[in-house]
Amino acid sequence: MSTIEATQHPLAADQEAVLRSEWGGGRSPFATPHAKLGMWIFLASDVLVFATLLTAYGVARLKAGTWPDRTHIFEGLWLVTLMTFILISSSSTMAAAVGAARRGDQKAAVRFLLLTILGGLFFLGSQAFEWTSLIREGARLMSNPWGVPQFSASFFVITGFHGFHVLTGLIYLAVITLNAMRGRYSGLGVEVAGLYWHFVDLVWVFIFTLFYLI
Amino acid sequence: MSGTAHSAVEHGHEHDHGNRLYFLTWLWLLLITVLEVGVVLVHMPRAILVAVLLLMTVLKSGLIVANFMHLRFEKLNMIYIILTPMIFALIMWYGVALDY
């Protein structure tokens with residue numbers, strides 16, 4: 001396959017898919033490429049998974065009656081606030097990457113994607129650091145020194161599940177970035193990856209408030 | 001070649017304020033986060049604190065979904081896809097709340 005074919009292929013295929021979709025009922029109700037619609041539907045289901053986990057956390061916390069004071073668990077809010085800043089910023093650079101990819105500015109798209117990955121790596125590293133310090137202090141999945149086992153159970157499960165999403169997102173972004181570096185990408189491909197990354201940021205907004213602030 | 005990066009169903013107006021919109025959203029998200037940490041450090045009645053924090057969290061999530069995820073530029077049908085699970089979540093929260 002020649003270079004020109006390789007660069008033109010992804011989007012041409014996307015456009016074909018939209019224009020010749022299986023929809024036979026006149027105007028498409030979504031008027032959106034199937035890849036984007038698919039990602040939105042996946043995220044809609046993921047919303048329910050996280051809503052359920054966070055509800056379970058709320059129930060556990062209310063039922064427990066007492067809950068460890070966050071100042072006893074986390075050494076101040078500086079680390080988690082920094083993590084939140086970084087993740088929000090990586091969401092912004094992702095949005096900028098989508099904008100650049102749409103304009104066809106390959107260099108800018110790659111630069112913003114790399115910044116996004118850097119932010120994700122920093123976030124994941126901080127989370128590993130935080131988990132390590134909690135485990136060093138004696139926190140386990142089913143027990144902890146603060147006397148409320150439900151705390152570490154919900155903390156490790158929910159931040160762990162979110163961290164798993166971040167890790168998945170980093171792999172996803174790495175693939176997209178490598179493709180972009182080779183010029184084999186489409187604005188749509190970057191946009192769909194962006195939806196996933198923004199969702200990870202969105203979930204963290206809730207975890208940040210519910211675990212660290214309230 | 002650069003034309004390959006254009007999505008088939010693009011909305012023209014997204015080009016105009018793209019990066020500016022992302023930048024402003026980023027600033028707002030950071031500002032609200034600072035305010036969130038601020039209200040935690042200031043002593044106030046717990047019920048008010050929780051209400052204020054939840055309000056700011058919902059505001060932040062709205063900014064992310066509307067601007068970063070571009071939901072406000074999508075067809076109404078796409079918005080319904082996102083609102084539907086929220087209705088199920090509300091039913092779940094109502095069911096849970098009945099136990100308290």
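Predicted model: local features only at pLDDT ≥ 70, side-chain atom pairs only at ≥ 80, totals over all residues.

Colleague: OK. How many salt bridges over all chains?

Modeller: Four, from a search of the whole structure. The test is a side-chain nitrogen of Lys or Arg within 4 Å of a carboxyl oxygen of Asp or Glu.

Colleague: What does Lys36(A) pair with?

Modeller: Glu74(B), with the closest N and O atoms 2.8 Å apart. Lys36(A) sits in helix α2 (residues 34-64) of chain A and Glu74(B) in the loop between α2 (46-68) and α3 (76-97) of chain B, so this pair joins two chains. Helices here are DSSP runs (H or I, at least four residues), numbered from the N terminus.

Colleague: Are those two buried or exposed?

Modeller: Both Lys36(A) and Glu74(B) are buried. Buried is under 20% relative accessible area, exposed over 50%, partly exposed in between (1.4 Å probe, protein chains only).

Colleague: And what about Arg102(A) and Glu191(A)?

Modeller: Their side chains form a salt bridge, 3.0 Å from N to O. Arg102(A) is in α4 (residues 78-103) and Glu191(A) in α7 (residues 187-213), both of chain A, so the pair ties together parts 89 residues apart in sequence. Arg102(A) is buried at 6% relative accessibility. Glu191(A) is buried at 6% too.

Colleague: Which residues are linked in a network?

Modeller: Lys36(A), Arg102(A), Glu191(A) and Glu74(B), through salt bridges.

Colleague: Switching to helices. At what angle do α7(A) and α2(B) pack?

Modeller: About 175°, with axes 9 Å apart. Axes are lines fitted to C-alpha atoms, for helices over the stretch in contact, and angles run from 0 to 180 degrees between N-to-C directions. The two helices are therefore roughly antiparallel (an angle over 145 degrees).

Colleague: Which residues meet there?

Modeller: Among them are Phe206(A) and Leu210(A) from α7(A), and Ile64(B) and Phe68(B) from α2(B). Contact is heavy atoms within 4.5 Å.

Colleague: Lys60(B) is on that list as well. What does Lys60(B) form a salt bridge with?

Modeller: Glu36(B), at 2.9 Å between the closest N and O atoms. Both are buried.

Note on methods
Residues numbered from 1 in each chain as written. Chains lettered and ligands numbered in written order. Heavy atoms only, no water. Parallel < 35°, antiparallel > 145°, perpendicular 65-115°, else oblique.
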